[in-house]
Amino acid sequence: MALVGCAPDAPELASIDHLLEGHRPLELLVAPGSASLPCLARRAGIDDSLSRLACLGTEGPARLHRAAARMAPSVRAALAGDPGASALRAAGLLDLIAGGDDRIAIRRAVARLDEAVSLDSANPRMLRDAATAHAVAAGVEQDAGHLFQALDLIERAVERDSLDETIRFNRALLLEHANLVGEAAAAWEVAQPPGMGHLRERIESDSTRAAFARLPRGGPEGVREHALEVLLPAWGAHALAGRSDSAATALTLARHAGQALDALGGDSVIRSAIHLIDSSAGGARLAEGFVAYGAGRARFIRGEFEAAKAHLRRAHSLLGYGGAGAVSLWGWPLLYVAAVEIYEGRIDAAHARYLEIRTAAELGGYPSLYGRAVWGAALALSRQDRPERAIPLYLDAIAHFQRARERTNVAAMESQLADMYALTGDVTRASNAFLRAGRAFRVRRDLGTLHGFLLGLASFETRSGRPYSAAAILREDRRVAARTGSAKDLPEALTRLAAAEFDLGRRARARAVLDTAAALLSTIESDLMRTRIGIEVRQVDARLTGGQEAVDRLTDVTTYFDRTGLPFRLAPALVERADARLTTRDTLGAERDLDRAVSVVRRRAAELDPLASQATREIERKVFQRRIAIRLARGDSTGALAEIDRLRSWGQRAEENPAALARRLGSGAGVLVYAVLPDRLIRWTVVQGRIETAVLPVTERELAAQVVRFVALLRQGGDSSRLATLNDELYNILLGGADAPLRTLSRLAIVSDPAISSVPFAALRRPRHGHFLIQDLTLHHSFGVLEAVDGLMLPALQATEHVLLVGDPAGDGAAELAPLRHTAPELRLIAGLYRHATVVTGPEATPANVRQALGTATLFHFSGHAQSAAFGTRASRLLLTEQFTGPEIAALRLPRLRLVILAACETLAQPGRRSYRADGLAESFLAAGVGGVIGSGWQVDDEVTALLMTTLHVELRRGRPPAEALRAAQVALIEEGGTAGMGLKTWAAFRYITR
């Protein structure tokens, strides 16, 4: 590996490739002196399905560690002398070799290799090694998101070099880990690393799939479904027709099925049914009931919902003849009646029906029926976009299906649970649930349910920004869908795969796959299903066609989604049609589509909790970018600025135009506003009486990569020369040319953009004299221009403020997190500064007590642990004696609360580029009516945070407004030596944000 500008002993560094030759990167996590090099699978507790798989070891693991230790000084010198991709790659790999289970070392390795990829994204070795780092992190962090990121990277690597043996080996192993069985089998056929010819055989013989192959086909759920849906309806049909011998045979088979179900530990529903048949004088009614149930279910599967409902209601009436003891029978047709009601849009009626079945099943002791009823109730809530209410129901259903040993249903529930976690923004739990579901499907491959799972997982991967991983999952689904026996599954899978190929720029592949899907539409018997999938085909076809033809196709799509009442499908289609209209220069039509898209999702969001759904945010983000671009194309930069308030503020339409807002600014105050478009950065500088617009030719992807590198190095306490270089580059992009107006200011409000939301503006140094920006300016952040101007005029807090101090909760659910030794003394010092201070700590720090105290407080300070979601705010929480979640906080009404101070980690964490507004826990408090929030953007040091917070409150008591008090506290830390390491990392994380 050639390194430019390395230290004199850099030739030894070039041997890192030789050092690693013959050692599969996924085998790097080894304890010194171990007899073999186990695969990552042996260590990854998140995926126990391969825990017994051990790869063929290579000699000398201790030699590997000794050689790595010898090379470490050279790598550090190279990193300091040439902070390029090659040096970062070398440092990251050595971190992996030496890291073991050290989370900090592994995180550093991931950050370095990710940065190397951002600098050299076409290099397959960079991609391979970054995949290795994420695969290692998956086991160490117990976060399957890293595993899916590894899969995405290795798929990118194999696209660039399909002949590299190590890349092929790693791809096969990662596909195996991700439970993509068919794709993995094909990958192993071409992997064949030297000296590992028997690896495939070992996987086949040692995997859990082989162990479970001995279980009865289909498991308990398969036995139950066969008896209920085939044998008992057959008995009923023969009995009603007077064919007693055939009826007796069917009933005997049903008895055997019931015995098998009992032996497997499953639900006793078949035994109960046989008992009712044997003891009931109304055998004819039961026979008619089972016949009606079989007919109704068959029509339901074909999508003939009206006919299905009539049969199922009759089955429910007839099978209920046995009284309370027949609940295990009449409950099943009623489940399908409720499912039809969901398809009809009667969600509340379906939900109530499912709860009725659940109650009866619980009283009768039928865990499988109970699980299915709870499953349906959760599905109804998810259709109403209430994922936080659906999650406990899915967990309840999983517990009952586990009791009934129905693993396919457990897998299905894990898949649904993963979707709910994703909707709430809890991507770590979502990734882990998806992995658990995939593992369960490997054990019990119900192909129809597996098809739905793979579609959901691919959608999650796409939303998570992992398109290559999504494509791999959809290729697996194509294999599965071809074998489900349902005519609609294969065209559905192919349509989604065509969309994924298009997103990756593979237009020819996308067209070929989509044409195959279109040809298969005629094989779907159900009109409803054929129409639904046909609409998806037309939507993808529009992307491949463009122009007026695309507009016409998307008009069909939007009409369908409008008619079927699917706002979160309609809105993206409207945005797509707006894009198509723009290619035909129909800007007025495009604006109408964009306005309607926002109106549709906001109207739906108004029916939900105070924090709009992630789908709403993503649509608004897309609309925002396009409206800005249209205004700029017309030469209306001031109008483009007005779009900030129209689309990004808290639902408030600006009463003044931007020029009027500029006139409201006093001397010494200004606003910087950013909008990041795919191909450029727009910056408005608003000062008293004037607005300046700058357009910078930097792409969204390039800018986001620079931000990630700068923030990662700042957070890690990285090399100062590299940090200085990145600082100057970022400062020139974000503030270059705006320096002249800024020199006359003392207060600056920043209206950021998701692509740069994590930038700690306070910690940007001015290149010429080296001052941090916070040393020269008081900073605060806002979501919109009107809000920024209002925020600059907020007065100081008064001495009569009612202060609520909360911290050091007992049993906060964060036992695995580091203890906060400085919390108690911090709270004592702060409490002594105020006349009216309420201190809530220890076991008294319950959500109920805090909620009550917040009602009268005007200042709230929290010192403890917190967690923020990667996407959105619903999974964000304060860790009190119990979790105090973002939605619970947002639902409060706290107009008296003027300031919230969150002395915890990641309370202002941003979600990335897909949403414009989510700001972690801060947004939850702002949604409740709080005036402003001070919080942190990443993990901070307990001791330094305590110093910062104490000074902050001293300044508040001196009469400073919150933004000025925070600045004074940050400057005090800087003057005490907090310009590097833990001091810089801590104070730079905090900012003040207003509504």
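**Entry 1, the cores.** I looked up the largest nonpolar core of this predicted model. This core has 153 residues, and W235 and F290 touch the most other members.

I listed the contacts of F290, leaving aside its neighbours within four places in sequence. F290 is in contact with L228, L232, P233, W235, A273, I277, L319 and L329. I also noted a second, separate core of 69 residues, which includes L827, L948, L966 and A969.

Most residues other than glycine have a negative phi. I noted N179, which is not a glycine but has a positive phi of about 65°. I located N179 in the loop between helix 8 (165-177) and helix 9 (181-191).

R585, also a residue other than glycine, has a positive phi near 70°. I placed R585 in the loop between helix 29 (567-583) and helix 30 (587-605).

Is each of these residues buried or exposed? N179 has a relative accessible area of 8%, so I wrote it down as buried. R585 has 75% relative accessibility, so I wrote it down as exposed.

I traced an open sheet of 3 strands in the order 9-10-11, with antiparallel pairing. Strand 9 (866-867) and strand 11 (883-885) are the edge strands, and each pairs on one side only. I followed strand 9 to strand 10, residues 877-879, and found 2 bridges in the antiparallel sense. Opposite A866 I found L878 of strand 10.

Note on methods: Residues are numbered from 1 along each chain as its sequence is written. This is a predicted model: local features need pLDDT of at least 70, side-chain atom pairs count only at pLDDT 80 or more; totals for chains, interfaces and linings use all residues. Side-chain values use heavy atoms; hydrogens and water are left out. Two strands pair if DSSP finds at least two bridges between them. Helices (H or I, at least four residues) and strands (E, at least two) are DSSP runs, numbered from the N terminus. A nonpolar core is a set of buried Ala, Val, Leu, Ile, Met, Phe, Trp, Tyr and Cys residues joined through side-chain atoms within 4.5 Å. Buried means under 20% relative accessible area, exposed over 50%, partly exposed in between (1.4 Å probe, protein chains only). Contact means heavy atoms within 4.5 Å.
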